[in-house]
Amino acid sequence: MAVAAATRIAVVVVVLALAVLAPAARGLRRDDFPPGFLFGAATSAYQIEGAYLDDNKGLNNWDVFTHLQAGRISDGRNGDVADDHYHRYTEDVDILHNLAVNSYRFSISWARILPRGRLGGVNSAGIAFYNRLINALLQKGIQPFVTLNHFDIPHELETRYGGWLGAAIRYTYMAKLISSSVVLSPQLQLKLNPVYVHMHVFREEFEYYSDVCFNAFGDRVRFWTTFNEPNLSTRHQYILGEFPPNHCSPPFGNCSSGDSRREPYAAAHNILLSHAAAVHNYKTNYQAKQGGSIGIVIAVKWYEPLTNSTEDVRAARRALAFEVDWFLDPIFFGDYPREMREILSSNLPKFTPEEKKLLQNNKVDFIGINHYTAIYAKDCIYSPCTLDTYEGNALVYAIGRRNGKIIGKPTALHGYFVVPEAMEKVVMYVNDRYRNTTIYITENGYSQHSDTSMEDLINDVERVNYMHDYLKYLSSAIRKGANVGGYFAWSIVDNFEWVYGYTVKFGLYQVDFDTQERIPRMSAKWYRDFLTSSSLTDGLQVRSRRADS
Ligand code: NOJ
């Protein structure tokens, strides 16, 4: 124990010494970003809170999935305790304060607020927890940047509605009634099918939940986002079947149920309409008096054509349409992109004229982008490929190498490479296509394998260089006219990385999950120096210093 503690202290001392010595030379400066720019760090409820049974919280889909299907998580672990943030939030707020960030992005656990959805009561202990957190942040001058839904939904809603497929289930039910040619009054339907009573479409559940949050916290929250990365989560849930409810079909995988070609689009449709309903409610009933803003967060990977053939150039464009335009086109233009309609035809749901109006009349105030990486896109319309991957439905094959050369240094997350210049491309793409709407980089970060040596985990030169280089390209996009309002590092602390469990580390602070001790990494010191100093900060010299040492 004593030896371990001494080693840890020695490592921290070395890290701090290296960081102090790191010359503030050429490179990046806080002033490269506009005044009022938000610089923050991000987390999500299931990944850090723990306390999964405390204070009347309901179980959510991830609680149940990680317990029943532990084998699907790399290390078989779960978020029962995670970073124990629920009990240690004051320490985490102090960490944020030490980092000198002016904003903190976190998500609210739906099952902590409404353990049984709208049919149960509001959990006052859940409301009290987020009130304490928000107040503690504001006392330190840190703006809360709140995500309403970051992958976790109350388990009861998953079972009652089939989660995000909820609306689809209702349609199926109606279709059955119609095809059986029995004409029933709504009252009789209710009598014959008690389940129908519970079949409020799922989006009404989300609208209700978001209303409870606006009402409880909106007097102090200036930044709301409805969903985190629905374009990524629906693919992991319903194409690849890696996230609950673990739906998929061949060639993507062999799950006990699912339809990888149809369900992700049905779920996404429902999410888009849930988003629009929440935005409509916020804009109609809260925005004027509370003075906040509302947006959505999309995962944006950049796609480079594998070759300069017309086919691969189109494939890269198509992959981007299936990644970004899938969600942002309906929100901005009222419909899905042409590329998706052409390929998916009847598997892509259609918006009614009223729904189109609801979407278009309730524009987001900002777009959140989670950006980490880039990859090559190869066309699969004119040349044969295996289509069992994330991009398969777009008839694209994504690959990290071109002529044997890798697109960027690999990270601990499979398929995530270090490609800093992609930051500028992503931002310019979103900025140009969606009419200069304010963009926040709501996540960006570097992952290390947990089996890396303690010294290298703490002395995270690669993370420093990653952040430095990505921020450089972000500042370049701003100079070219992109309207960017903030940047959030993922993440303040190591946490539960979904199917990777705790085997992958993203924290500016290392966490010892046995003791819950938080230990600052070199990147934490670097981020604070960058935010507090007016001189130039350089990632590259840290890189060469490390090589010399
Ligand atoms: C995306 C997700 O929003 C977050 O939950 C995840 O941990 C990071 N990116 C890293 O994969």
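A residue is near a molecule or strand if one of its heavy atoms lies within 4 Å of it. The views below show a predicted model, in which local features need pLDDT of at least 70, side-chain atom pairs count only at pLDDT 80 or more, and totals for chains, interfaces and linings use all residues. Numbering starts from 1 along each chain as its sequence is written, and side-chain values use heavy atoms, with hydrogens and water left out.

View 1. Around the ligand you will find Q47, H150, N228, E229, N370, Y372, L413, E443, W490, E497, W498 and F506. Of the 300 Å² of accessible area that the ligand has on its own, the protein covers 95% (Shrake-Rupley method, 1.4 Å probe; for residues, only the protein chains shown count as cover).

**View 2. Strand β6 between two partners.** Here is β6, residues 293-299 (strands are DSSP runs of E, at least two residues, and helices are runs of H or I, at least four, numbered from the N terminus). Seven of its seven residues are buried (under 20% relative accessible area, with exposed over 50% and partly exposed in between; 1.4 Å probe, protein chains only). S293, G295, V297 and A299 lie on one side, and I294, I296 and I298 on the other. Strands pair if DSSP finds at least two bridges between them. β5 (residues 223-228) runs parallel to β6 and is joined to it by four bridges, with T225 opposite G295. β8 (residues 366-370) also pairs with β6 in the parallel sense, over five bridges, and there V297 has G368 as its bridge partner.

**View 3. Strand β7 beside β9.** W302 and E304 point one way from β7 (residues 302-305), Y303 and P305 point the other way, and all are buried. Four bridges join β7 to the parallel strand β9 (residues 374-379); look for P305 opposite A377.

**View 4. Two cis peptide bonds.** Most residues other than glycine have a negative phi, and most peptide bonds are trans. The bond from P244 to P245 is cis, with omega near 15°, and P245 sits in the loop between α12 (230-238) and α13 (263-290). A cis bond also joins W490 and S491, with omega about 15°; S491 belongs to the loop between β17 (484-490) and β18 (504-505).

View 5. W498 is not a glycine, yet its phi is positive, at about 45°. W498 lies in the loop between β17 and β18 and counts as buried at 5% relative accessibility. Q516, also not a glycine, has a positive phi of about 65°. Its place is the loop between β19 (509-512) and β20 (517-520), and Q516 counts as buried at 6% relative accessibility.

**View 6. N78 in its loop.** N78 is found between α3 (61-68) and α4 (85-99). With a relative accessible area of 18%, N78 is buried. The side chain of N78 reaches the backbone nitrogen of D80 at 3.0 Å.

Note on methods: Polar contact = N/O pair within 3.5 Å; in protein donor to acceptor, adjacent residues only side chain to side chain.
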